[in-house]
Amino acid sequence: MRVILIGPPGAGKGTQASRLSAKYGVPSISTGDLFRARTKDPNDPLGAEINRIMKEGKLVPNEITVKMIAERLDQPDCKNGFILDGFPRSVEQAESLDKMLKEKGIRLDGVVQIGVDDEKLVERISGRFACGKCGEGYHDKFHQPKDPHKCDKCGATEDPANPETTLWKRRPDDNATTVRARLETYHSQTAPILPFYDAKGVLKVVDGMASMDDVTRQIEAALDPKEGVKKPAPPKKYG
Ligand code: AP5
Ligand code: MG
Ligand code: ZN
């Protein structure tokens, strides 16, 4: 299964990528996660540059992003497919990916647009947190861990003796100013790739305003070859 998930910040790309990855047994690849991993080393100048760009809510330059994805797609675990979360994010990136896939003789099974209204995204992003050990995502309101001090997925717990290192992590780019910039970047640079994929007949639109489980069902139905070329009715105002 080879799928691209496209959607504004907080649309649920990461949430759904992780579910699809488990269902289809292929890796989910998030350029945002790859970049965040790169910013961990304080002595890495490229990491520092990426960190600065992410804090501004802008796109990391294509020469870095495309090379990173090309290397990732060459890894053996991508042999049977992948779920791309957050790449491509501009027409130029979509064209680079197209070329890469053509060279490998790979066809996409679907490009899924997760549509969500801007007002909803701010609520989603401001409530988001993740397990510092395994990265599992949670939300203050929509997806709380069963035990507030323990990760459902990996079982990591908060260490009361060491309150400095809290288990739960919030992203530095999830503040109001950066979120506005990320949304602006999505509308100006990422949304223009939707017609590119629509013209290829692979674009599927799902209503990301629905519950997480419902969005998963919509995506699975959209990717099901038995559904044929039928495309869900496009939502009215998602950009
Ligand atoms: P990235 O990490 O990709 O961030 P993003 O696109 O802004 O998207 P998010 O990760 O914030 O949201 P998501 O759609 O994954 O939603 P989630 O599932 O977490 O990119 C960060 C930065 O890296 C970019 O700004 C850029 O600088 C750089 N970058 C990345 N890719 C790049 C590229 N290709 N080129 C150049 N630069 C690049 O869900 C959000 C919250 O809502 C969670 O708490 C979740 O639990 C909850 N939730 C999810 N679905 C639902 C639902 N249906 N109902 C209720 N709550 C829900
Ligand atoms: Mg994400
Ligand atoms: Zn965990």
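1. Two strands are taken to pair if DSSP finds at least two bridges between them. In this predicted model, strand S5 (residues 128-131) and S6 are joined by three bridges, and the two run antiparallel. One of the residue pairs involved is Phe 129 with Tyr 138, its bridge partner in S6.

2. S5 and S6 belong to an open sheet of three strands, ordered S6-S5-S7, with antiparallel pairing. Its edges are strand S6 (137-139) and strand S7 (168-169), each of which pairs on one side only.

3. Over the whole chain, the secondary structure amounts to nine helices and eight strands. The radius of gyration is 18 Å, close to the 18 Å given by the globule rule for 239 residues, so the chain is as compact as a globular protein of that length. The C-alpha trace spans about 55 × 40 × 35 Å along its principal axes.

4. Among contacts with a separation of 6 or more, 68% come from residues 24 or more positions apart.

5. On charge: the chain carries 39 positive and 36 negative side chains. The centres of these two sets lie 2 Å apart.

Definitions and conventions:
Residues numbered from 1 in each chain as written. Chains lettered and ligands numbered in written order. Predicted model: local features only at pLDDT ≥ 70, side-chain atom pairs only at ≥ 80, totals over all residues. Heavy atoms only, no water. Helix = DSSP H or I, 4+ residues; strand = E, 2+ residues; numbered from the N terminus. Rg over C-alpha atoms; globule rule 2.2 N^0.38 Å. Contact = heavy atoms within 4.5 Å. Lys, Arg positive; Asp, Glu negative; His and termini not counted. Charge placed at Lys NZ, Arg CZ, Asp CG, Glu CD.
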